[in-house]
Each structure stands twice: as structure tokens, then as C-alpha cells.
Amino acid sequence: MTYLGIDIGTSEVKAILTDDAQTILASSGVALRVASPHPGWSEQHPEDWWRATLDVIAAIRAAQPVAFSGLRGIALSGQMHGATLLDEQQHVLRPAILWNDTRAFAECAELEALVPESRAITGNQAMPGFTAPKLLWLRKHEAALFRATAKVLLPKDYVALRLTGEYVSDLSDASGTLWLDVARRDWSERMLAATGLTREHMPRLVEGSAAAAQVRPSLCQEWGIAHTVLLAGGAGDNAAAAVGLGVVEPGAGLLSLGTSGVLFAGSDGFAPNPGQGVHAFCHCLPGRWHQMSVILSAASSLAWVARLTQSADIGALVTLAEGVEARAAPIFLPYLSGERTPHNDATARGVFFGLSTEHGRAELAYSVMEGVVFAMADGNAALRSAGTQLREASFVGGGSRSRFWAQLCATASGLHVLRHDHGVAGGTLGAARLAQMAVTGLPPSQVCTRPAVQETIAPQASGVLDDRLARYRRLYPLLRAEFAGAAEAAR
């Protein structure tokens, strides 16, 4: 039997095909575009996710036709929080508003005023990236469209609808909506009512490793498959990456440098710390939860500076950064899209502090990589304040290709950073594992093992980095009022 794991990312739809031994038989990816029609807005067309999904499946089928014919299960992981609105006929009403869209920052305070216990219910501070504030914004600014909305789906759940005809979501992804009672693992009617919605607007909920629906027979026929193919509940992207890296037990962690940056810690109970901007979500496995610190611009910051400096080869740019003397570089605040943990500030913006005419692309690249690492160190401090003590974290995401970045992460955060054979494919591998559990009924202890560790990178003593981290942490409080003032002036 074979299993297909598909990740509906922000910049790419990726997929892998695995067998019962979890050997990766084939992989494929299709790039996506993000639209920003106004400053702070971030949108995608759901049809683009579906077309890319069909394309990656076609590529895998072409690469491994015999193995693909044995497909028994599919699971999706996906970018979280995106608001995908459908009418009664399942027509998409507008482009999806994505996780890094900050237009609904004012509605966050409104939502918490409407439900003073919202943080206790959801385990999270209201942030503009979450789904519920987006619906409050839409009710105010696109009222006719809001009234026409029959279902609100997350990105991967829209693809699940196209695959199966069913409205279904998993608990890890649903945790990022602010409509879920995270401790009870069920929709909160009170949070839904605060945004003018009911359970009827929501998909049904399943555990990520459970069978959720059957793939449409017409698709199976098109793919040359005569038997039933199950769709598993799936997962939000970080929970899927955790499953792919065996991060399923309390105290296990992962550090992801993708478009966003995440420090993820497994937990066997609901342990919120919303005051520090820590996310407390359901895991995609039954009876388990997790905490996350999140920054909005991680590897995407490096891609940005590559475009800024007209550097076509990001790998070559990283090599330049490796030769920079840290004390000679400017300090960078990586708040290009605002920030979540620990500041929860949609108005925060990126800053190079200490620029001079002596600085070139190498220094800018180093500063960006270092600034992302410092933001992740802030995230680890926020997790510690919630009582979570991580010693090590598996490294995943596009940034995990760089050993230099891994060493910076280890030294700044104090964590031992683990680099794995399939670290970059963590989310798709996790989805394939969820599909395997849904089909076979095997427990996580047998399926969710840790991939081989290529290298363990320990923190190093660095007085220079310590001093620069202290300077980095002093800058945001000094600039916070200026960020807010600039945002107000722009409106």
C-alpha cells in the first residue's frame, strides 16, 4: 500500500508518496503566488491550490505509476488561519485572506471585548492572522459577501472538499481559527456567535490521524485506481511537520524556518500562555496538545533581502553571510509583516539599525539571518515563561538547509538543534504518516518515529552574539510607539 502526503503551503504545494516502510518513492512541488492588493494584505485564490494539487499528483503518478496504483490514503497539511468563504453552491466568494494578513488588527480587540473569556476558551490571544477576526472585518467591510457565506474553510480543508465533496477539518488546524474550545476539542458556539456565525458555517471535526472521508470515485477512476482511497483528517502545517519528525511526546520540540518561523513543543495537556503570545493548540493526534511561538517572517526575510540585493542564488548569499564579522553588521528586526510572539503587534515593521556605507549584501544577509534567530530566541523565552523547558529541537523548513543558520539558532536560543535526513520534507512526511495511520489503524508509537539525525548542533559561547541579542531586545520597546504612529498615519 502507498500513501500520499500533500502540503498546501503559502509559497508552494508539495507532495510525497510513501510506502508501508515510509520510504519516499516520489515527490513533487508547484509554486504559488501571494497577492497583496493593499499594504498588510495577503491573499490567494483557492483555485490555485486545487490546480497545484492536481499537478503534483499528476507528477507523482507519472514518476511512480505502479506504486501510485496502490494508493490507499491521502492526508493534507496546510497553511493555517486562511479564511476561505463559500456560498451555498460551494462557489468561492473571494480570494482567501491568509495567515500573514494584518488588516483585522482592530477587530482583535473587538472580539476579546465581545467574549472576555476568549483567551481561556481558545488558549490564545486574538491576533489578526487568526481566522475569526477576519470574519469580523468582512462583516464590516464586505457585508453582502459576509451574508452570502455558507461555509468558512481553512486552505487545506478547501482542497479536502474538492477531493471528497465533504466539509471536514482536523483539530490542530481548527485550533488556529479562534472558534475552537481547545481544551474540549470542539467548536465554541460562543466564539462563533461573536462573529455572527454558527456551527452550520463550520466543517465537522475529526482527529488528524482518523479517517475523515473517501476520495471521490471520479478522481480515483481518473487516476486509474479501482479501490477506495481514504482521506485522513490531516493537520496544520506545523503539527504535520512535528509528526513527520517524531515530535509527538511531551517535551519534544521542532524549530521551523519556513515562510514563517515556529518553535513547537509537544504537550500532553492544554497549557495556554496567551499573555506572551504563545499559541496553545490541539495536536493532530488524539489526546495531545502543543504550544508554539510564531514569527511571521523567517526564511521569507532572507528571500526578501535576496530580491532587494538582486541575488539570484540564495545559497551563494548565505555563503557570503557566513564570512561576516558579526560585530560589524547592523541589527535587523524581522517584522516585515508585523509580529506575533512575543509582541502581537500588527504594526511592527522591519528595521535595519546601524547601517553605514561600508555595509553590502553580505552584511545585510547576515543581519537578516541573525535577526530571525533572535526572534526565535524571544519565542523560546516566551515558551519558558509558560513553563515549557525544551533542551533540543528538530530543524525543519527551507532554512534547515543551512548549517550556519542552525548554529546561529542553537547559540542564540540555547537549544541543541537536530538536523535530519528528511528535515525539509517534514510536513509532507507527517501528512503521509497521518494517512498511513488512518488506513492501517497503527498507533503513533509505531508510525511517528524520529528520522535519522544527521547532526546535533550544540550552543556555543558567544559574548558578541549575547551583546547583540541584548541590543536587539532593547530596540522594539523604543520603536513600538513609532510603529503604531506610522500605521495610523498610513490609514
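Domain 1 and domain 2 bury about 3,600 Å² between them, and 65% of this area is on carbon and sulfur atoms. The model is predicted. Domain 1 covers residues 2-233 and domain 2 covers residues 247-490, with their C-alpha centres 23 Å apart. Across the boundary, 54 residues of domain 1 are in contact with 40 residues of domain 2.

The two domains share 18 residue pairs in polar contact, but zero salt bridges. On the side of domain 1 that touches domain 2, several elements supply at least two residues each, among them strand E1 (2-8), strand E2 (12-19) and helix H4 (118-122). Strand E5 gives the most, with six residues. By class, this side of domain 1 has 25 nonpolar, 20 polar and nine charged residues.

Side chains of opposite charge can pair when their charged atoms come close. The whole structure has 28 salt bridges, including these:

| Salt bridge | N to O distance |
|---|---|
| Lys140 and Glu107 | 2.9 Å |
| Glu249 and Arg288 | 3.2 Å |
| Glu392 and Arg391 | 3.5 Å |

Lys140 lies in helix H5 and Glu107 in helix H3, so their pair ties together parts that are 33 residues apart in sequence. Lys140 is partly exposed, at 45% relative accessibility, whereas Glu107 is buried, at 3%.

Glu249 and Arg288 both lie in loops and are 39 residues apart. Glu249 is partly exposed, with a relative accessible area of 43%.

In the remaining pair of the table, Glu392 is partly exposed at 25% and Arg391 is exposed at 54%.

How values were computed
Residues numbered from 1 in each chain as written. Predicted model: local features only at pLDDT ≥ 70, side-chain atom pairs only at ≥ 80, totals over all residues. Heavy atoms only, no water. Domains from an automatic or database assignment. Contact = heavy atoms within 4.5 Å. Buried area = accessible area lost by both parts, 1.4 Å probe. Salt bridge = Lys/Arg side-chain N within 4 Å of Asp/Glu carboxyl O. Polar contact = N/O pair within 3.5 Å; in protein donor to acceptor, adjacent residues only side chain to side chain. Helix = DSSP H or I, 4+ residues; strand = E, 2+ residues; numbered from the N terminus. Nonpolar A, V, L, I, M, F, W, Y, C, P; charged D, E, K, R; others polar. Buried < 20%, exposed > 50% of the residue type's maximum accessible area, 1.4 Å probe, protein only.
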